[in-house]
Amino acid sequence: MSDLTEHLRSLEQRLFEPEVRTSVTALQSLVSPEFREIGASGRLYGYQDVITGLLAEPLDGTTRTLTDFELQLLAPDLALVTYRAMRTVPAGPPVSSLRSSIWRHDADGQWRMVFHQGTLTG
């Protein structure tokens, strides 16, 4: 796995961690202010929607795992990643999804997510 693939995989994985999902500073370091997301509902979310939503999530023991990670470089500073995710909630069945994110290498040297979409897979 290339260094960039491993780096972006680790950033995606960080977004699964409760300590990141509950930290404004950590989220700001990973998500661009221009961020957009198309949710499984088909609704479009903006940066503030996502930050507010993540900060409000209950710490209920939910875990998330990431598999089948792939990277496609779109430009020297722009990358598309795709992967499968599994969300396991203690009181319910696991939820599978196919996910894609676009990451941009910003002027400050940080990779930040600018777009994300998750599609439930059953």
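Start with L15: setting aside residues up to four places away in sequence, L15 touches V20, R21, L27, L30, V31, W103 and M113 (contact here means heavy atoms within 4.5 Å). This is a predicted model, where local features need pLDDT of at least 70 and side-chain atom pairs count only at pLDDT 80 or more, while totals for chains, interfaces and linings use all residues. Residues are numbered from 1 along each chain as its sequence is written, and side-chain values use heavy atoms, with hydrogens and water left out.

L15 also turns up in the largest nonpolar core, which has 23 residues; L8, L15 and W103 have the most contacts inside it. A nonpolar core is a set of buried Ala, Val, Leu, Ile, Met, Phe, Trp, Tyr and Cys residues joined through side-chain atoms within 4.5 Å. At least two residues of this core come from each of α1 (3-14), α3, β1, α4, β3 (63-75), β4 and β6. Helices (H or I, at least four residues) and strands (E, at least two) are DSSP runs, numbered from the N terminus.

## The sheet

Six strands make up an open sheet of mixed pairing, in the order β2-β1-β6-β5-β4-β3. β2 and β3 sit at the edges with a single partner strand each, so one side of each has no neighbour in the sheet. From one strand to the next, the twist averages 15°. Axes are lines fitted to C-alpha atoms (for helices, over the stretch in contact), and angles run from 0 to 180 degrees between N-to-C directions.

Now the pairings, where two strands pair if DSSP finds at least two bridges between them. β4 and β5 run antiparallel and share ten bridges, with R84 partnered by L98 in β5. β5 and β6 are also antiparallel, joined by nine bridges; R104 has R112 in β6 as its bridge partner. Their hairpin has five residues between the strands, and G109 there takes a positive phi near 90°. β1 and β6, by contrast, run parallel with four bridges, and I38 is partnered by Q117 in β6.

## Helices against the sheet

α1 lies across β3, β4, β5 and β6, running at about 135° to β3.

Then there's α4 (residues 47-56), where Y47, V50, I51 and L54 are buried; buried means under 20% relative accessible area, exposed over 50% and partly exposed in between (1.4 Å probe, protein chains only). These four sit on the same side of α4 because they cover an arc of only 100° around the axis, the arc being that of the directions from the helix axis to the C-beta atoms. The buried residues of α4 pack against α2 (18-21), α3 (24-30), β1 (31-38) and β2 (44-46).

## A buried serine and an exposed proline

S101 belongs to strand β5 (residues 95-105) and is buried, at a relative accessible area of 0%. Its side chain makes a polar contact with the side chain of H116, at 2.7 Å. A polar contact is a pair of N or O atoms within 3.5 Å; within protein, one must be able to donate a hydrogen and the other to accept it, and residues adjacent in sequence count only if both atoms are side-chain atoms. Beyond four places in sequence, S101 is in contact with residues including E12, A79, Y83 and F115.

P90 sits in the loop between β4 (78-88) and β5. P90 is exposed, with a relative accessible area of 59%. Not counting residues up to four places away, P90 touches D60, G61 and T62. The C-alpha atoms of P90 and T62 are separated by 6.4 Å, although these residues are 28 residues apart along the chain.
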